[in-house]
Every structure is written in structure tokens, then in C-alpha cells.
Amino acid sequence: MNRDILHPITEEQVRQYEEDGAICIRGQFDAEWCAHMLEVSVDNMQNRAGRQREVDNPDDPGYFYVSSFMSRDNKEFEDYILNSPAAEIAARLMRQDEVRFFYDQLFIKEPGTLAPTQWHNDIPFWPVDGNHIGSVWMALTPVTTETSGLVYVKGSHKWNKLFKAITPDEDPAFMDDTLERCPDFHKEFDNPEYEFLSWDMGPGDVIVHHPLAVHGTGKNASNTQRRVALSCRFYGGDTVWHSERVTGFKVPGAEESGVTSGVMPTDDTVFPVCWKAA
Ligand SMILES: O=C(O)CCC(=O)C(=O)O
């Protein structure tokens, strides 16, 4: 399984990330990574390991599985965040010489799952602020917009706007009532005011997005294709802790490690350095 990126990240890709807020990067993970992480991800779902958020909708014939912090209890996920090219890809796109690990998350939509992923941006979910928090969303199965591929509003990270955080199970602990709900951009696809970005992806292709980039998905319309995505967040640069944010999001061990509002968390156990320039 490759540790280093297989192709250099180009200046053009960095500029595209900066301009659009999201970019698809292909061909950086070898086939072994893709097969291995698919296997451990499906296994995680089947064993309900990690910290899940169940979406209990009896009218949905499918199943939307979300788990977080898998790498805390599972060496395979830990190995991915510490030893795969994911962290370097995020670092290079954010022009950082070092990135730390924030958290990992699994998003699986079984065939026929009706649940969308509500339009949102990520910062309102998290007790952190900053531009240099890159999410690396890796497809582990084929993904198209029909099978719930992510769609982004191009350039929305520059709106400098926070939308109300809505979890798949609509947990009120995350909802800051001073923030407005993100519009349903599926209704705006024909609106010339917006440009949308989406990609057909194969296993190992990743999307990297800025923490303010607005994104969402529809249902998984396939009756046969499961959609498996592993999303890992890495940070550096201007990232700081933000204890005052209204959110139910808790990083295990963060408070004990002495996080302070306005300061970057640097505890090497809770937020390990995953990649450093040579
Ligand atoms: O895969 C999904 O449905 C949601 C992913 C997402 O919102 C993220 O990784 O930030």
C-alpha cells in the first residue's frame, strides 16, 4: 500500500482548490488501499463499530450508516490516516508543511437509500475555526450523482457564511438557532446564479473540500450499488479551537488535552501529526 502520493499535486490543482473550494483528485491510492479500506469499512458497518449516528426511518427501504472516530479503536483506520497519502494530499492542496488529524468518518448508503445528505457546510458542526481544514472524501465504490455522489456549490467557501448544522438524525444539540438553514440547492440546479461541481468517481478517487464549501447529496437511486465513502479531516495553518460554538460534536480526549479557544490544538495523541514536509 503506497505511503507517498503517486503523482505530484500540481500548482493548477492547488489553485483550483483555492478557487472552487473542492477538487477531485484521482489515482493517488493503489488498488490494495482501495480493496482494504472497502473491506474494513463494510466490516465496520456490519459490526456497528465506532460512534454511530443512526437514521431510523422505517419508510426508507435503504440504510444510511454514519460512523465517526473509527481510527480511535481500529488499527486499520489508524493506519490509513497516519500512513496513506490522504494527509499529504490535503496538506499540499492547503499549501501546508504539516497537517494534524482532526477526525475520520464513514458514510455508507445502501442500495435504494432515500436519505439525502442535507446541504451544509462543515464548520458549524465543529468546535474549530479556520480555512486550513481539508476533508478528504474517498470513494471506495463507484460513485455518481445517481448513487449519492457529493455535489458542491462552486466558490461557496468564499461566501464566508455558516449554515445551521443538521445531522442525519436532526440532533438539536448541533443546531445554532442564530444560523439559517442551508437552502436546498437541489432546487437551484437550473439557477444561473450558481455553478455546481460533481464528479463520477471510482474507488480511490478523492474529493478534497474546504470547511466552508457548501455540499449535499441526493438519495442512492441504485438498487444494486452500495455507496461507501471514507472522509478524513486534516488541519494546519490558521486552524484554532472554538469552544463557544453551539454543537454536540465532541472530540474524545480533546478537553482533557487542554484545548483553548483561539489556539490551535497540538496534543500529539489526540491530534497527531499525519504528514510533515521532508
Ligand atoms: O458522504 C456524505 O453523504 C456526506 C459527506 C460529507 O458531508 C463530508 O464528508 O463532509
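Me: Why is tyrosine 80 called buried?

Reply: In this predicted model, tyrosine 80 has 27 other C-beta atoms within 10 Å. The cut-off for a buried residue is 20 or more, so tyrosine 80 counts as buried. Its place is in helix H3, residues 75–83.

Me: What does tyrosine 80 touch, when residues up to four places away in sequence are not counted?

Reply: Tyrosine 80 touches Met37 and Ala86. Contact here requires C-beta atoms within 7 Å. A separate value concerns tryptophan 33, which is 47 residues apart from tyrosine 80 along the chain. The C-alpha atoms of tyrosine 80 and tryptophan 33 are separated by 8.4 Å.

Me: Why is phenylalanine 69 called partly exposed?

Reply: Phenylalanine 69 has 17 C-beta neighbours inside 10 Å. A buried residue needs 20 or more, and an exposed one has 12 or fewer. The value of 17 lies in between, so phenylalanine 69 counts as partly exposed. This residue lies in the loop between S3 and H3.

Me: Why does asparagine 160 count as exposed?

Reply: Asparagine 160 has 7 C-beta neighbours inside 10 Å. The limit for an exposed residue is 12 or fewer, so asparagine 160 counts as exposed. Asparagine 160 is found in the loop between S8 and S9.

Me: What makes S4 a mostly covered strand?

Reply: Eleven of the twelve residues of S4 are buried.

Me: Which strands are joined to S4, and in which sense, parallel or antiparallel?

Reply: Strand S3, residues 64–68, is joined to S4 by five bridges and runs antiparallel to it. Within this pair, serine 67 stands opposite leucine 106. Strand S14, residues 273–276, is also antiparallel to S4, with three bridges. There, arginine 100 has valine 273 as its bridge partner. S4 and S12 pair in the antiparallel sense over nine bridges, and phenylalanine 101 stands opposite phenylalanine 234 in S12. Two strands pair when at least two bridges are found between them.

Me: Why are S5 and S9 said to stand at the edges?

Reply: The open sheet has four strands in the order S5-S11-S8-S9, with antiparallel pairing. Strand S5 (117–120) and strand S9 (196–197) each have a single partner strand, so one side of each is left without a neighbour in the sheet. For S9, the pairing with strand S8 (residues 151–153) consists of two bridges. In this pairing, tyrosine 152 has leucine 197 as its bridge partner.

Me: Which residues have the most contacts inside the largest nonpolar core?

Reply: This core has 72 residues, and those with the most contacts inside it are Ala90, Val136, Val208 and Phe234. The largest share of the core, seven residues, comes from strand S4. Without counting residues up to four places away in sequence, valine 136 touches residues including Ala90, Val208 and Phe234.

Me: Which residues surround the ligand?

Reply: The ligand is surrounded by Phe107, Thr117, Asp122, Ser135, Trp137, His215, Thr217, Ala229 and Ser231. They divide into three nonpolar, five polar and one charged. Strands S7, S11 and S12 each supply at least two residues of this shell.

Me: Why is the chain called as compact as a globular protein of its length?

Reply: The chain contains four helices and 14 strands. Its radius of gyration is 17 Å, close to the 19 Å that the globule rule gives for 278 residues, so the chain is as compact as a globular protein of that length. Of its residues, 45% count as buried.

Conventions
Residues are numbered from 1 along each chain as its sequence is written. This is a predicted model: local features need pLDDT of at least 70, side-chain atom pairs count only at pLDDT 80 or more; totals for chains, interfaces and linings use all residues. A residue is near a molecule or strand if its C-beta atom, placed from the backbone, lies within 6 Å of it. Ala, Val, Leu, Ile, Met, Phe, Trp, Tyr, Cys and Pro count as nonpolar, Asp, Glu, Lys and Arg as charged, and the others, Gly among them, as polar. A nonpolar core is a set of buried Ala, Val, Leu, Ile, Met, Phe, Trp, Tyr and Cys residues joined through C-beta atoms within 7 Å. Two residues are in contact if their C-beta atoms, placed from the backbone, lie within 7 Å. The radius of gyration is taken over C-alpha atoms; the globule rule is 2.2 Å times the number of residues to the power 0.38.
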